[in-house]
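Subject: Structure handover

Hello,

Here is the structure I promised you. Please open it first, then read on for what was found.

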Protein chains: 2
Amino acid sequence: MRPMKKLQLQKLFAANLLRERKARGLSQDELAHEAGLHRTYVGSVERGERNISIGNIERLARALGIDPAELLRGNHKPVR
Amino acid sequence: MRPMKKLQLQKLFAANLLRERKARGLSQDELAHEAGLHRTYVGSVERGERNISIGNIERLARALGIDPAELLRGNHKPVR
């Protein structure tokens with residue numbers, strides 16, 4: 001077993017989700033409703049506090065109309 | 001809330017994981033060991049039975065040396 005590195009994907013996902021939600025002009029409440037999730041849950045995901053499941057990744061990506069893989073990518077250009 | 005569509009990302013991830021593991025000539029046991037997970041858990045993930053967390057997606061991607069986003073992509077070329 002390799003020595004444990006700090007897990008970072010959760011934080012990357014959080015930043016991507018926040019950026020893509022705002023790019024669409026959606027509130028957390030609107031995104032949550034569209035995805036069938038609770039607003040407070042979406043808020044905690046966006047703060048990087050949740051070890052989110054692949055099922056909920058799919059729900060959020062579908063609600064945003066984005067490929068789920070895009071929410072895990074690390075080389076997004078900053079929003080200007 | 002949108003009407004619920006069948007969730008498919010879990011199955012896509014399973015197929016991608018299986019393909020990438022085999023492409024590296026790794027057994028489930030070897031991959032599990034490298035990722036710090038249990039062999040039977042990796043087996044059930046590869047059968048599409050698990051609503052895997054983003055933390056375990058990251059562990060498996062790291063063990064395979066692949067970008068986690070690649071394990072969620074749907075347009076891979078078939079292995080020949």
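Leaving aside neighbours within four places in sequence, which residues is A:Ala35 in contact with? They are A:Arg59, A:Leu60 and A:Ala63. Please keep in mind that this is a predicted model.

A:Ala35 sits in helix H2 of chain A, which covers residues 28–35. Is A:Ala35 buried or exposed? Its relative accessibility is 7%. Buried means under 20%, so A:Ala35 counts as buried. A:Asn56 lies 21 residues away from A:Ala35 in sequence. In space, the two are 8.3 Å apart, C-alpha to C-alpha.

Now chain A as a whole. It has 4 helices and 0 strands. Along the sequence, the pattern reads α-α-α-α. The chain has 80 residues, and 44% of them are buried. Take the contacts in chain A between residues at least 6 apart in sequence: 63% of these join residues at least 24 apart. The accessible surface of chain A is about 4500 Å². Carbon and sulfur atoms account for 49% of that surface.

Next, chain B, starting with a pair of helices. How do H2(B) and H4(B) cross? H2 of chain B spans residues 28–35, and H4 of chain B spans residues 54–64. Their axes come within 8 Å and cross at roughly 110°. That angle makes H2(B) roughly perpendicular to H4(B), because 65 to 115 degrees counts as such. The crossing of H2(B) past H4(B) is right-handed.

Which residues meet there? From H2(B) come B:Leu31, B:Glu34 and B:Ala35. From H4(B) come B:Arg59, B:Leu60, B:Ala63 and B:Leu64. By class, this contact of H2(B) with H4(B) has 5 nonpolar residues, 2 charged residues and no polar ones.

Last, helix H3 of chain B, residues 39–46. H3(B) is mostly covered, with 6 of its 8 residues buried. Which ones are buried? They are B:Tyr41, B:Val42, B:Gly43, B:Ser44, B:Val45 and B:Glu46. What covers the buried residues of H3(B)? The cover includes H1 (9–23), H2 and H4 of chain B. Just after H3(B) comes B:Gly48, with a positive phi of about 75°.

Best wishes

Notes. Residues numbered from 1 in each chain as written. Chains lettered and ligands numbered in written order. Predicted model: local features only at pLDDT ≥ 70, side-chain atom pairs only at ≥ 80, totals over all residues. Heavy atoms only, no water. Axes fitted to C-alpha atoms, helices over the stretch in contact; angles between N-to-C directions. Helix = DSSP H or I, 4+ residues; strand = E, 2+ residues; numbered from the N terminus. Parallel < 35°, antiparallel > 145°, perpendicular 65-115°, else oblique. Left-handed = near helix turned anticlockwise from the far one by under 90°. Contact = heavy atoms within 4.5 Å. Nonpolar A, V, L, I, M, F, W, Y, C, P; charged D, E, K, R; others polar. Buried < 20%, exposed > 50% of the residue type's maximum accessible area, 1.4 Å probe, protein only. Areas by Shrake-Rupley, 256 points an atom, 1.4 Å probe, with all protein chains shown as cover.
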